[in-house]
Amino acid sequence: MKGFLEEWRAEALRILKDPGILLLFFGVQLIYPAVYPLPYRAEVLRSVPIAVVDQDRTPVSRQLIRMVDASENVQVAKQFSDFEAARKAFINREVSGILIVPPDFTPNIRKGRTATLPLYCDGSYFLVYRQVAMGVQQSAGTLSAGIEIQRLTATGLTKKQAMAARDPLPLMNVFLFNPAGGYGAYIVPAVLVLILHQTLLIGIGMLGGTQREYGGNTGLPENSSATGRTLGRIFVYLPLYCLHIVWFFGILFRIYRYPQRADLWELFFFLLPFLLATICLGLCLRHLFRERASAMMALLFTSIPILFLSGFSWPVEAIPEPLRILSQLLPATPGIGGFLKLNHMGADFHTIKPEFIQLWLQALIYFILACIIAWRENMQQSRGDRGKLS
């Protein structure tokens, strides 16, 4: 118990005396999660400006242009008579897409042929590309359906019969767990869990690098057990990050009105082994860094790969098998996956049992490794003390 209290005090003093660590554990946690969602407040990208080159100049082409402009996804910002002028507007970022209505558009429709509509989208921005393509496709599909229904009613069918003949199996799309299809509600919750994971690893790694860079294990309590030393370090970070959980998922979620189908206590219960596993992993990794800056550079670099390997932004089935196995060593993988199932999908604990058990196993394994490393610290310190006495 004495070793636990001494190490808790020593680790807390290291944090309080380090302005960089204080900024990471307090400033970043308070400001960054509150600022990060601001660009996504609109949730869905709307009224993307596009240009139209109407080479047909018929009532049908003008009707199509009006329908495209009425779409919530895109807005017809400019109309040109030739493609080169539209291309210049696209290169100058005045528009994000170009729709061309070819001169044979209406003649092909009247002859019952397939009419082609060339569409150029900005593929460098996925969301812009998606909205432009969806807006034009929906408008063209609506116009096509209206033309076909007119043809069918001309054969003697009623409008209801024509609609049923045109689309005998209508498809109704329902966005589960994210009804608005918003980008912020999709990405921000997973990123907040990743922030907990990465700031813990970076902060603990920076403390380890600082100890090595500026005097090794100076300030470590003497004659303390490895288990007590490890537990003392863990209980410095655990209460602090429990407060961050309240700030992230109890306050910010309500401010930004993100979907929350789990009670805060359920999130606490699930994220407890996640925090323990991440802290213990950080205590294992802190001894790999000989300099303070190396921990920041190495661990910050891993943030985007970890986000992809967690399976939230890229399908797990598309991840190569070696990387998929490697990702299971990281608490972020079951942590993000289980959190999204619990909070977004409304799953119960029986459903997230595999992720929950995996996090506890990780916490146990990394705790044992951290204790072994702390025992080696004790041995090295005792040898150094004997050397000084001799």
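How much space lies in the largest pocket? In this predicted model, the largest pocket holds about 540 Å³ of space, and the second largest pocket has a volume of about 420 Å³.

**The largest pocket**

- The lining of the largest pocket is made up of 19 residues, and those closest to the centre of the pocket are Phe 126, Leu 127, Gly 182, Tyr 183 and Tyr 186.
- Two elements, helix 6 (126–154) and helix 8 (183–213), each give two or more residues to the lining of the largest pocket, and helix 6 provides the largest share of that lining with four residues.
- By residue class, the lining of the largest pocket consists of 12 nonpolar, five polar and two charged residues.
- Domain 1 (1–40 + 184–388) and domain 2 (48–166) each contribute at least three residues to the lining of the largest pocket.

**The second largest pocket**

- Residues lining the second largest pocket include Met 134, Gln 137, Gln 138, Gly 141, Thr 142, Ala 145 and Ile 149, and also Met 163, Arg 166, Asp 167, Asn 173 and Phe 175.
- The elements that supply two or more residues to the lining of the second largest pocket are helix 6 and helix 7 (159–166), and helix 6 gives the most, with seven residues.
- In the lining of the second largest pocket there are five nonpolar, five polar and two charged residues.

- Arg 233 and Glu 11 form a salt bridge through their side chains, with an N to O distance of 3.9 Å.
- Because Arg 233 lies in helix 9 (residues 226–256) and Glu 11 in helix 1 (residues 2–16), this pair ties together parts that are 222 residues apart in sequence.
- Arg 233 and Glu 11 are both buried.

- A second salt bridge joins the side chains of Arg 292 and Asp 18, where the N to O distance is 2.5 Å.
- This pair links distant parts of the chain, since Arg 292 is in helix 11 (residues 292–301) while Asp 18 is in the loop between helix 1 and helix 2 (19–35), 274 residues apart.
- Arg 292 is partly exposed, having a relative accessible area of 21%, whereas Asp 18, with a relative accessible area of 8%, is buried.

- Lys 341 and Glu 355 form a salt bridge in which the closest N and O atoms are 2.7 Å apart.
- The partners of this pair are 14 residues apart, with Lys 341 in helix 14 (residues 332–343) and Glu 355 in helix 15 (residues 353–389).
- Lys 341 has a relative accessible area of 28% and is therefore partly exposed, while Glu 355 is buried, with a relative accessible area of 12%.
- Elsewhere, salt bridges that share partners join Glu 7, Glu 11, Arg 14, Arg 229, Arg 233 and Arg 286 into one network, and two of these residues, Arg 233 and Glu 11, are the buried pair described above.

Key: Residues numbered from 1 in each chain as written. Predicted model: local features only at pLDDT ≥ 70, side-chain atom pairs only at ≥ 80, totals over all residues. Heavy atoms only, no water. 1 Å grid on protein atoms, 1.4 Å probe; cavity = no way out; pocket = protein on both sides within 12 Å on 5 of 7 lines; lining within 4 Å. Points joined across faces, edges and corners; volume = space filled by probe spheres on them. Nonpolar A, V, L, I, M, F, W, Y, C, P; charged D, E, K, R; others polar. Domains from an automatic or database assignment. Salt bridge = Lys/Arg side-chain N within 4 Å of Asp/Glu carboxyl O. Buried < 20%, exposed > 50% of the residue type's maximum accessible area, 1.4 Å probe, protein only.
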